[in-house]
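Subject: Structure handover

Hello,

Please find the structure below. Notes on what was found in it follow.

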Amino acid sequence: MSSTQCQTKSNTRKSQRTCVAQEHIQVLAKLIPPHEFYRYNDLWSRTTQQAVYLVVFESYLENNGIVDNIIPKIESSLGVKVDIHNNLNEFHIQLEDILHAYISLVNELSRLAVNCVTVGDYDRPLLISKHVKDLSSGFQLLNLKNDAIRKRFDSIKYDVKKIEEVVYDITLRGLHNPNKRVLSDDDHQEVKNKKA
């Protein structure tokens, strides 16, 4: 994809960062010989995790919540297929990279919860708490081995605790309006549909 095509698309839906990432990933993909993806994978895995994280975080901010099926968004944003069935030999995004991106999202959301309180937004940490707990329970369903994902998964517990402390302080100090209920994901979708 040429840079002019990417600039045209970035004005419509893609952010400039994901567009640049897409260009670099496609250049890299052309350099890898067929059937040798896993031979060189460790050289760029952290970079692809960061690129996937950018897409996940961007979609979280756009939708004010976690997107149910993020894989098509990742594939369209980065221009590379996601290996869902673990059978691709050409350049692709691994499922582990998506899991790492979600762990990075939880880490960033715990920071966002604290910063929201600092600027006076007392409702967002409650919504963040719900989303982080959902992600945490999803990770607990996985049978993780003693690898990098498992080690990073352990950090989610600390992030959940940090967010719970923020929510506790908000509730204890009476900063949250109890009459205003926190919208669920379905309620957010209903509000979006009414606006459209």
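A cavity, on a 1 Å grid over the protein atoms alone, is a set of points where a 1.4 Å probe fits but cannot get out, and lining residues have an atom within 4 Å of a point. Grid points are joined across faces, edges and corners, and a volume is the space filled by probe spheres set on the points. The largest cavity has a volume of about 30 Å³, and the count of cavities of 30 Å³ or more comes to one.

This is a predicted model, in which local features need pLDDT of at least 70 and side-chain atom pairs count only at pLDDT 80 or more, while totals for chains, interfaces and linings use all residues. Residues are numbered from 1 along each chain as its sequence is written, and side-chain values use heavy atoms, with hydrogens and water left out.

Overall layout

The protein chain has nine helices and two strands; these are DSSP runs numbered from the N terminus, with helices (H or I) of at least four residues and strands (E) of at least two. Along the sequence the pattern is α-α-α-α-α-β-β-α-α-α-α. Of the 196 residues, 38% count as buried, where buried means under 20% relative accessible area, exposed over 50%, and partly exposed in between (1.4 Å probe, protein chains only). Among contacts (heavy atoms within 4.5 Å) between residues at least 6 apart in sequence, 67% join residues at least 24 apart.

Cavity and pocket

The lining of the largest cavity consists of Val56, Ser59, Tyr60, Gly65, Ile66, Val67, Ile70, Tyr102 and Leu105. By class, seven are nonpolar, two polar and none charged. In this scheme Ala, Val, Leu, Ile, Met, Phe, Trp, Tyr, Cys and Pro count as nonpolar, Asp, Glu, Lys and Arg as charged, and the others, Gly among them, as polar.

A pocket, by contrast, is an open set with protein on both sides within 12 Å along at least five of seven lines. The largest pocket holds about 360 Å³ of space. It is lined by 16 residues, of which Ile98, Leu99, Tyr102, Leu135 and Phe139 are the closest to its centre. The elements giving two or more residues to this lining are α6 (95-118) and α7 (124-140). Twelve of the lining residues are nonpolar, two polar and two charged.

Aromatic pairs

Six aromatic pairs turn up in a search of the whole structure. Rings of Phe, Tyr and Trp (its six-membered ring) pair if their centres lie within 6.5 Å; planes under 30 degrees apart count as stacked, over 60 as edge-to-face and the rest as tilted. Phe37 and Trp44 form a tilted pair, 5.7 Å centre to centre with 55 degrees between the planes, and both residues are buried. Ring pairs also link Phe37, Tyr38, Trp44 and Phe91 into a cluster.

Tyr53 and Phe57 form a stacked pair, at 5.6 Å and 10 degrees. Both lie in helix α4 (residues 45-63), four residues apart, about one turn of the helix. Tyr53 and Phe57 are both buried.

Positive phi

His35 is not a glycine, yet has a positive phi of about 65 degrees. His35 sits in the loop between α2 (16-31) and α3 (37-40) and is exposed, with a relative accessible area of 63%. Asn64 also has a positive phi, near 55 degrees. Asn64 is in the loop between α4 and α5 (71-78) and is partly exposed, at 24% relative accessible area.

Regards
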